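User: I am new to reading protein models, and I would like to learn how to go through one feature at a time. Could we work through an example together?

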Amino acid sequence: MEKLKEIIKNIIDGIEVTTNLFYQQKNQEGFTELEGIIYLLNNMTNKVSEFELEGNHVNIDIVKVNQILTDAMNALENLDTILLSDILNYELKEILIDYQDSIL
């Protein structure tokens, strides 16, 4: 579980860096950082799947996370980096913080 906590911490840190770049209209740098977040999110979902396959209960609402990511993708498709930042910062980051706090 420690590896999962570390991945989540890195995602949260990455969201903070990425959203700050987008809020400052440094879009190219923000998109570069966003790639790292996507990579880490993939790692997180793989770890969650591993834990579930091992019979462990994982207290994260994957459906909600997927909805948040769908909203983020729609903002990205519309090149609305401010909305994307708000979704990442105020929705995804918050659910990850809650999940991180629930990991023993």
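Analyst: Let us begin with a cut-off for accessibility: a residue is called buried under 20% relative accessible area, exposed over 50%, and partly exposed in between. The model shown here is predicted, and in it 37% of the 104 residues of the chain count as buried.

User: How does that cut-off apply to Phe-31: is this residue buried, partly exposed or exposed?

Analyst: Phe-31 has a relative accessibility of 24%, so it counts as partly exposed. Phe-22, in contrast, is buried, because its relative accessible area is 0%.

User: How many aromatic pairs are there, and what is the arrangement of Phe-22 and Phe-31?

Analyst: Rings are paired if their centres lie within 6.5 Å, and planes over 60 degrees apart are called edge-to-face. The count comes to one aromatic pair: Phe-22 and Phe-31 lie 5.1 Å apart, centre to centre, with 65° between their planes, which makes the pair edge-to-face.

User: Which secondary structure elements does the chain have?

Analyst: The chain has four helices and zero strands, and from the N terminus the order reads α-α-α-α. The radius of gyration is 14 Å, close to the 13 Å that the globule rule gives for 104 residues, so the chain is as compact as a globular protein of that length.

User: How many positive and negative side chains are there?

Analyst: The chain carries 7 positive and 19 negative side chains, and the centres of these two sets are 6 Å apart.

Terms used
Residues numbered from 1 in each chain as written. Predicted model: local features only at pLDDT ≥ 70, side-chain atom pairs only at ≥ 80, totals over all residues. Heavy atoms only, no water. Helix = DSSP H or I, 4+ residues; strand = E, 2+ residues; numbered from the N terminus. Rg over C-alpha atoms; globule rule 2.2 N^0.38 Å. Buried < 20%, exposed > 50% of the residue type's maximum accessible area, 1.4 Å probe, protein only. Lys, Arg positive; Asp, Glu negative; His and termini not counted. Charge placed at Lys NZ, Arg CZ, Asp CG, Glu CD. Phe/Tyr/Trp six-rings, centres within 6.5 Å; stacked < 30°, edge-to-face > 60°.
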